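Open the model in your viewer and keep the sequence panel at hand. We will go from stop to stop, with something to select at each one.

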Amino acid sequence: MPSTTTAAASYPKLAALGFCGADDSVNHRHLILLGKSYPTIEWGILFRPDKEGQPRYATRQWVCRLAELLRQNDVANAPPPIRLAAHLCGSHVNNLLSSSTDTSCANNIDTFLTELYNWGFRRVQVNATAVNGVHTEHLGEKSTIQSFLRTTAAHLKLEFIVQKNEETLPLWNGLLEQEALPENIVF
């Protein structure tokens, strides 16, 4: 007699379904309602200072308002009521990838990542590609890998997502060559 176990049981369970590009045109309350109704939704907010306020790039004021609304429903020590992932682009990524050699970059990215956590973000996707305004010519250098590791180690409450594609190969390959990676880095 055939097994009653379905074939789907052998597939990995979907952990999150990312919706990226929420900006000032999106109603905060609708976003929160959808996020609470469908907890697998992870809202990806793009952060690139030179594009802030353009379509797909929310303003700081919009993000602060979202965080304020989320805090109104907050229970002490509970996870945020919806999933938020910061998608870092441009100068944020350049600061992260230079943080072990430039104290100004380290201070800038550390301050920003702390702010993201306080706003309710728990995951950070590092969009280290040229189209996202990142200087990609040094992705495989030892100082870049050390900067990435320094930043992730300094922010253990955040999970860092490394885009794994041909352009970012020097970065993710350099990370995978490390003897041990912090548990808060995923690919």
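**Stop 1: a nonpolar patch**

Keep in mind as you look around that this is a predicted model. Begin by selecting L14, L17 and F19, which make a nonpolar surface patch of about 270 Å². L17 has 40% relative accessibility, so it counts as partly exposed.

**Stop 2: inside, at T152**

Next, select helix α5, which covers residues 142-154, and find T152 within it. Is T152 buried or exposed? T152 is buried, because its relative accessibility is 1%, and the cut-off for buried is under 20%. To see what surrounds this threonine, show F160, P182, N184 and I185: T152 is in contact with these residues, leaving aside its neighbours within four places in sequence.

**Stop 3: the salt bridges**

Now turn to charge. Side chains of opposite charge can pair when their charged atoms come close. How many salt bridges does a search of the whole structure find? The search finds six, and a few are worth a visit.

Select D50 and R48 to start. Their closest N and O atoms are 2.8 Å apart, and the two form a salt bridge.

Move on to E115 and R60, a salt bridge in which the closest N and O atoms are 2.1 Å apart. This pair links distant parts of the chain, since E115 sits in helix α4 (residues 103-119) and R60 in helix α2 (residues 60-72), 55 residues apart. R60 counts as partly exposed because its relative accessibility is 38%.

Stay with helix α4 and select D110 together with R150. These two form a salt bridge as well, with 3.0 Å between the closest N and O atoms. Here D110 in helix α4 is joined to R150 in helix α5, 40 residues apart, so this pair too links distant parts of the chain. R150 is partly exposed, with a relative accessible area of 25%.

**Last stop: a network**

Finish by selecting E42, R123 and E159 together. What links these three residues? They are linked in a network of salt bridges.

Definitions and conventions. Residues numbered from 1 in each chain as written. Predicted model: local features only at pLDDT ≥ 70, side-chain atom pairs only at ≥ 80, totals over all residues. Heavy atoms only, no water. Patch = residues over 30% accessible without salt bridge, like charges linked within 9 Å, V, L, I, M, F, W, Y side chains within 5 Å. Areas by Shrake-Rupley, 256 points an atom, 1.4 Å probe, with all protein chains shown as cover. Salt bridge = Lys/Arg side-chain N within 4 Å of Asp/Glu carboxyl O. Buried < 20%, exposed > 50% of the residue type's maximum accessible area, 1.4 Å probe, protein only. Helix = DSSP H or I, 4+ residues; strand = E, 2+ residues; numbered from the N terminus. Contact = heavy atoms within 4.5 Å.
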